[in-house]
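Hi,

Here is the structure I promised to pass on to you. Have a look at it first, and then read on for what turned up in it.

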Amino acid sequence: MRRGIGATALVAALALAATACGGSDGDDNGSSGKIEGTVTFWDTSNDGEKATYQKIAEDFEKKHPKVDVKYVHVNFGDANQKFKNAAGGNSGAPDVMRTEVAWVADFARLGYLAPLDGTPALDQESDYLKTAAGSTRYKGKTYAVPQVTDTLGLFYNKRLLKKAGVKVPTSFAGLKKDARKIKDKTGATALYLRGDDPYWFLPYLYGEGGDLLDAKAKKVTVDQKPGVKAFATMKDLVDSKAAVTDSSDGQENGIKAFQEGKVAMIIDGPWDIALAREGEEFKGGKKDNLGVAPVPAGSKAQGSPQGGWNLSVYAGTKRMRAAQEFAKYMSSASVQARTTESLSLLPTRKSVYERSAVRDNEMVEFFRPAVKKAVQRPWIAEGNSLFEPIRVGVDGVLAGGKSPSAAAGKTGDEFRKLLKGYK
């Protein structure tokens, strides 16, 4: 990402072009241990984060003058399949990729990721949070380094709730109860409900005491009573007009509605704090108008999924040592502290939480205990593929007239097709 080529590297077309091929300009397989050459980095961060990550990648070049980082921003929704296409076709795969936690086991199973045990990439391994490190392993080997951990919280507009005379809801039932008052007093809808992304189904499921499956018993559980109730709760919030939703573009539509004060609340994660504060309701001197609270509880419990991002190295890279050093740098304590201070993202290193600038960050203050209570997802190779049946089920309930029980049943049936040997 040398000056002069950085801007063009952002063009989406380059993400797919053969010129973005990992290690395309050399034949070093890592045996020489040289930290040099071109390292292609696919960054899957959102619009509010990517400028920071691009600058951090540029700074790596200053530390290693013989390395040229080719920065490519790839939309999160497209990144998984694009990487599989590139790695599977042995053409165009990045040397290093910012990989969602649920992708690691899948990519490793396919042979697309390089094991990192005993390499420079795994630096001060004991410093990583146990929950964050769990998602980097598959069948006893480490295939990524943790970069960011996260979970979901309830973002709320303090001004609107105060004007409506309501408190921050602690349950979905309470949110529904206060929705009419919020609408009457402020004109805003109470909640923007993400109906397009299956990850946002999980708090409703956990809130009913359920889970997607029992990996140890090899049993699908999403179609049991908690799953039915989770679908029903989402439907009830929309049908009662306590919430608005979309079947697509929920990321853009939801954050925009929240920024503009058209909705009083949205369930979101630390990655969108910076973006939320670009909105009229929260920018400049009004940044304190943004509040964050735990995701509301269901009828049985309160819980959000443990998420986050790792850095993986492509197994076919021709710049193995340089790629390992870049992954090490991007996961280092100094870089994690930097992204926390500028973007309020949650570190995966225990030591970073002891830094005053991080410890005193208002969003870290909330989200760190929330992450400790977050529900672990099953880190199985098929984990990411489970989300599509959920997406279909949620869309069927919210927009297709499907009953919650039918949606839960169909989701369970699809899970069993994907999970060999599961009951």
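**Salt bridges**

E125 is partly exposed, with a relative accessible area of 36%; on this scale buried means under 20% relative accessible area, exposed means over 50%, and partly exposed is in between (1.4 Å probe, protein chains only). Before going further, please keep in mind that this is a predicted model, in which local features need pLDDT of at least 70 and side-chain atom pairs count only at pLDDT 80 or more, while totals for chains, interfaces and linings use all residues. Residues are numbered from 1 along each chain as its sequence is written, and side-chain values use heavy atoms, with hydrogens and water left out.

Back to E125: its salt-bridge partner is R137, and the closest N and O atoms are 3.7 Å apart. The term stands for a side-chain nitrogen of Lys or Arg within 4 Å of a carboxyl oxygen of Asp or Glu. This pair links distant parts of the chain, with E125 in the loop between helix 5 (104–109) and helix 6 (130–134) and R137 in strand 4 (residues 137–138), 12 residues apart. Helices (H or I, at least four residues) and strands (E, at least two) are DSSP runs, numbered from the N terminus. R137 is also partly exposed, at 38% relative accessibility.

A second pair sits in other surroundings. R194 and D196 form a salt bridge whose closest N and O atoms are 2.8 Å apart. R194 counts as buried at 8% relative accessibility, and D196 is buried too, with a relative accessible area of 17%.

K256 and E260 also meet through their side chains in a salt bridge, at 2.8 Å from N to O. Both count as partly exposed, K256 at 44% relative accessibility and E260 at 37%.

Two strands pair if DSSP finds at least two bridges between them.

Y156 has M265 in strand 12 as its bridge partner.

**Nonpolar cores**

M265 comes up again here. The largest nonpolar core has 104 residues, of which F83, L191, F201 and M265 touch the most other members. A core of this kind is a set of buried Ala, Val, Leu, Ile, Met, Phe, Trp, Tyr and Cys residues joined through side-chain atoms within 4.5 Å. Helix 13 (residues 320–330) gives the most to this core, with 7 residues.

Not counting residues up to four places away in sequence, the residues that M265 touches include L154, F155, Y156, L191 and F258; contact means heavy atoms within 4.5 Å. There is also a second, separate core of 27 residues, which includes Y192, A337, M363 and V371.

**W309**

W309 belongs to strand 14 (residues 307–313) and is buried, with a relative accessible area of 10%. Leaving aside neighbours within four places in sequence, W309 is in contact with residues including T44, F76, R98, W103, P146 and D150.

**Two positive phi values**

Most residues other than glycine have a negative phi. K139 has a phi near 50°, a positive value in a residue other than glycine, and lies in the loop between strand 4 and strand 5 (141–142). S344 has a phi near 60°, again positive and not in a glycine, and its place is the loop between helix 14 (333–343) and helix 15 (356–359). K139 counts as exposed at 72% relative accessibility, whereas S344 is buried at 8%.

Best wishes
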